[in-house]
Number of protein chains: 2
Amino acid sequence: MCAEGAHPHTPPARAYDPGSVAIPRSQVPLPPDATARRTVELVLGGPDEGNPFTDVELTAELSGPDGRRSVIGGFYDGSGVYRIRFLPDVAGEWSFHTNSNASSLSGIEGVVRVSPAGPDDHGIVHVDRTYHFAHADGTRYLPVGTTAYAWTHQTEDLQQQTLATLAASPFNKVRMCVFPKSYVFNTNDPPRFPFEGSLDKGWDFTHFNPAYFQALEGRIADLDAIGVQADLILFHPYDRWGFSTMDPASDDRYVRYLARRLSAYPSVWWSLANEYDLFQSKSVDDWERIARVVGENDPVGHLTSIHNCREFYNHSRPWITHCSIQRVDVYRTAENTDQWRERWGKPVVVDECGYEGDIDQGWGNISGEELTRRAWEGAVRGGYVAHGETYLNDREELWWSKGGELVGDSPARLGFLRQIIAEAPRQCIDPVPGDWDVPWGGDGDDYRLAYFGFGRPRFRNIHAPAGRRYVVDLIDTWAMTVHRLPGEYEGTFRVELPGRPYMAVRLVSREP
Amino acid sequence: MCAEGAHPHTPPARAYDPGSVAIPRSQVPLPPDATARRTVELVLGGPDEGNPFTDVELTAELSGPDGRRSVIGGFYDGSGVYRIRFLPDVAGEWSFHTNSNASSLSGIEGVVRVSPAGPDDHGIVHVDRTYHFAHADGTRYLPVGTTAYAWTHQTEDLQQQTLATLAASPFNKVRMCVFPKSYVFNTNDPPRFPFEGSLDKGWDFTHFNPAYFQALEGRIADLDAIGVQADLILFHPYDRWGFSTMDPASDDRYVRYLARRLSAYPSVWWSLANEYDLFQSKSVDDWERIARVVGENDPVGHLTSIHNCREFYNHSRPWITHCSIQRVDVYRTAENTDQWRERWGKPVVVDECGYEGDIDQGWGNISGEELTRRAWEGAVRGGYVAHGETYLNDREELWWSKGGELVGDSPARLGFLRQIIAEAPRQCIDPVPGDWDVPWGGDGDDYRLAYFGFGRPRFRNIHAPAGRRYVVDLIDTWAMTVHRLPGEYEGTFRVELPGRPYMAVRLVSREP
């Protein structure tokens, strides 16, 4: 064993070798089709007696083609099968060397030949230009998020419907809970549970249910195949089973297990909690500790945040890559986006600003117009506002919780907004000094976008940046039309508007 | 002359008696039809040479039937005519004794027999129950305000149209400027000016134009006749003539003259300024001094406030009877009403929360739905939100400035809201502890009113105060309908709602 190969953050390993090896060392199958920016998995046979989840420690020292070294944590997947997953960022020969307190798993070496990334494999999403996102290969990522918290805990038919709906939608991120959910409009049991045991007999938090996590991984892969990032919620308070109130050691064990299983998936985001401030049994110290466990078991560095109910978490914490916001005011929601950007200096993703729907609670009964308006208010201020849908139906299948079908008016408009942003010079918008009543986004003097929201002007005097000529587009954000005005404009000029709400005006510089 | 008869706040009188008396002392006409709560006017003949506006001081010591004494300031109305007006609050014999530095005006005595107030003469409006209003006789006054800043500065035809529109409207208060207005959509000259002189040759701020003020008084009387309070704006910054930038002595002279002319009108409110914070040339000290001059020349104690643009005045000042608010946030407007009530402990009148219309500026292009929503948001929080209308038309006659006709959707809805408030047990609503997403107003446990705003619930679980039974009304605030649910309700119960915005639910206790 090599000293530097020991994972710096795993518990001290103790000798453990019951001798049972499901897959002989000589047969460790090397992945035949490894490509950069896709998950590479090593499958090892190891002990299946005792409690391998807690007794066996397994890591691999990884050396990339450029000599970079890292240590990857493995995990037990049941039936004597152990897996080590990594996400190579470049093509070439990646060599590994395992280390374990189980002798049958330790000292295994090999080389994985990684082909260049495929054209659709853009790699993980990271922060770009301080307030925005891009994939590892530099491709712009414009989040158009939605929420279906418990979609993976429904019937297979319903899950397939959800995937089909997402595939046909503009959404490219979905907030979803790892643990099952118990809340209004979602009281059904999930098909399986993450731990051995039952609600009646109690749970054994030291024994994970591999099938549970395999199913989750399958859905994450399904999402990835249709271009949807999985914004995974590690803990949530809507719980009747006790998964939100585990002891710290169990929380950490779970988070370590999950992160080791999923860190090599290119489309995963970590959301430590939904409505963290509703957990009676967890303090900020707990969340900070959990964040450390995530970081220690995620060598890739996935986007990480934590979502509030009433009070924001301190988003200036270094482990928080972006602000995952629930609006804290019923009336002024995404209009605070630019202030939040300034406050924390990070991307602002308003994951909950109210859902289109008609349920009893105010968080779930705004109109498609209002949700679209909030998305635009956030967008021109340089942020990203997400969707959710909560229309009552007889099946009690509300998209926001169970997935299924979408019936609302806002998704198409959010797709249109994404297209508008994608047409900006750098495919992103930052706030620029605006009018008192109309927010302006833009990119320097190259590009400007004004949003009139619920205002219904019949005209507007536009003050373009000096010294440039612009073409001017009238954008109806609800009708999803773009009308280019004839000619070019400079300085201050008057634009006729239709006296309808939800209009925008776009200026595109004619100079190179 | 009797020492206590000298007005404590007027400048020291100097002898002035050019000897010209328009109306001989023996012919002072006593008002033949004086009634309580109506203006009583004494008309005196006096000097018409020199500058009577500045040279002649005139007051009357007044003794009511109950022995109360007060000192009333008179004013010069041109052509040797001087007037002293007072507003008797009770019937009986009111005796007066004049005092002047003009001997022909001094020492005049008489008795005015005041009949009981007529059934429609409820007297001035004052603050009632801390946050609300009532007339002097206790009749509830529920302000449904509108704004027509410069309506009295338009053609006679247009003024008559404005009066007819108001008479047919639900409005019972209008914000209006004493001085003419120069601003977008209102650049025409007024038919007359308040001072002698002209824009070209300059104004003589020491010589008032009585015809200007007589015309204003006529319009105030016209408003009073149709039940509309005149919320008079003494200064405003939309000015090309110099009336907003007079020297302090001229400001004070003007305010003293105006207050002496109008204090005896029962339907006048004083608004020291519109958008006081836009005056470059006036400081808080100036406004405080002007407030003192108003108070010194208003023995009746009319409602007095001052209206902001971006920054609130310190509404805790004792001379401010109620908060005349312009919302300071584009998005969260009347939803702050309860906070403002708590902050200042006074009635909150949101005189500008945005106008229904379609002009270029955000303060004047919200929909009738949005204005009505803001009015309800304010109402259930115990405040009063006013109207304004700014629809473009070819005549450039926008109601908010020139008056004329109303074409919007909100006035009828504001009248409906007034009717709903009038049906409350004490004809007023105070905020009660509400839900996080739905504000509740009420009157103790006797009455509750929830407003759902832009929310569109299909049902709601209502938690009524314990120990009472209620009848429940569904109110569609936009369709202006009230639907009483069958039966009576207590405790927690579910109410089906239509899934439309702008609904309210009213609970009325069945117990006496």
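A:Ser79 sits in the loop between strand 3 (69–76) and strand 4 (81–86) of chain A. Its phi is near 55°, a positive value in a residue other than glycine. At 65% relative accessibility, A:Ser79 counts as exposed. The model is a predicted one.

**Positive phi in chain B**

- B:Arg129 is not a glycine, yet has a positive phi of about 55°.
- The residue belongs to the loop between strand 8 (125–128) and strand 9 (132–135) of chain B.
- B:Arg129 is partly exposed, at 33% relative accessibility.

**Relation of the chains**

**Interface of chain A and chain B**

- The contact involves 35 residues of chain A and 35 residues of chain B.
- About 3000 Å² is buried between the two chains, and carbon and sulfur atoms give 54% of this area. A:Tyr331, A:Trp436 and A:Arg456 supply 26% of the area that chain A buries against chain B, more than any other three residues.
- Four salt bridges are found across the interface. One that joins the chains is formed by B:Asp329 and A:Arg332, with the closest N and O atoms 2.9 Å apart.
- On the side of chain A that touches chain B, strand 18 (356–357), helix 7 (368–379) and strand 24 (459–463) of chain A each supply at least two residues.

**Salt bridges within the chains**

- Over all chains the count comes to 98 salt bridges.
- A:Asp128 and A:Arg140 meet through their side chains in a salt bridge of 2.8 Å, N to O. A:Asp128 lies in strand 7 (residues 125–128) of chain A and A:Arg140 in the loop between strand 8 (132–135) and strand 9 (145–147), so the pair ties together parts that are twelve residues apart in sequence.
- Of these two partners, A:Asp128 is partly exposed, with a relative accessible area of 23%, whereas A:Arg140 is buried, with 14%.
- B:Lys173 and B:Asp351 form a salt bridge in which the closest N and O atoms are 2.9 Å apart. This pair links distant parts of the chain, 178 residues apart: B:Lys173 is in strand 11 (residues 173–177) of chain B and B:Asp351 in strand 18 (residues 348–352) of chain B. Both B:Lys173 and B:Asp351 are buried.
- B:Glu488 and B:Arg510 are joined by a side-chain salt bridge of 3.3 Å, N to O. B:Glu488 is in the loop between strand 27 (481–484) and strand 28 (492–496) of chain B, while B:Arg510 is in the segment after strand 29 (503–509) of chain B, 22 residues apart.
- B:Glu488 is partly exposed, with a relative accessible area of 36%, and B:Arg510 is partly exposed at 45%. In chain A, salt bridges that share partners join A:Glu335, A:Asp338, A:Glu370, A:Arg373, A:Arg374, A:Glu377 and A:Arg381 into one network.

- B:Glu275 is placed in the loop between strand 15 (268–273) and helix 5 (284–296) of chain B.
- B:Glu275 is buried but has no salt bridge, and the nearest side chain of opposite charge, that of B:Arg327, is 7.1 Å away.
- Beyond its neighbours within four places in sequence, B:Glu275 has contacts that include B:Tyr238, B:His307, B:Cys309 and B:Glu352.

**A buried tryptophan**

- B:Trp151 is in the loop between strand 10 (145–147) and helix 2 (156–167) of chain B.
- The relative accessible area of B:Trp151 is 0%, so the residue is buried.
- B:Trp151 and B:Lys402 are 251 residues apart in sequence, but their C-alpha atoms are 4.4 Å apart in space.
- Not counting residues up to four places away in sequence, B:Trp151 touches several residues, among them B:Gln159, B:Leu163, B:Met176, B:Arg219, B:Ser401 and B:Lys402.

Terms used:
Residues are numbered from 1 along each chain as its sequence is written. Chains are lettered from A and ligands numbered from 1 in the order in which they are written. This is a predicted model: local features need pLDDT of at least 70, side-chain atom pairs count only at pLDDT 80 or more; totals for chains, interfaces and linings use all residues. Side-chain values use heavy atoms; hydrogens and water are left out. Helices (H or I, at least four residues) and strands (E, at least two) are DSSP runs, numbered from the N terminus. Buried means under 20% relative accessible area, exposed over 50%, partly exposed in between (1.4 Å probe, protein chains only). Contact means heavy atoms within 4.5 Å. Lys and Arg count as positive and Asp and Glu as negative; His and the chain ends are not counted. Buried area is the accessible area (1.4 Å probe) that two parts lose on being put together, summed over both.
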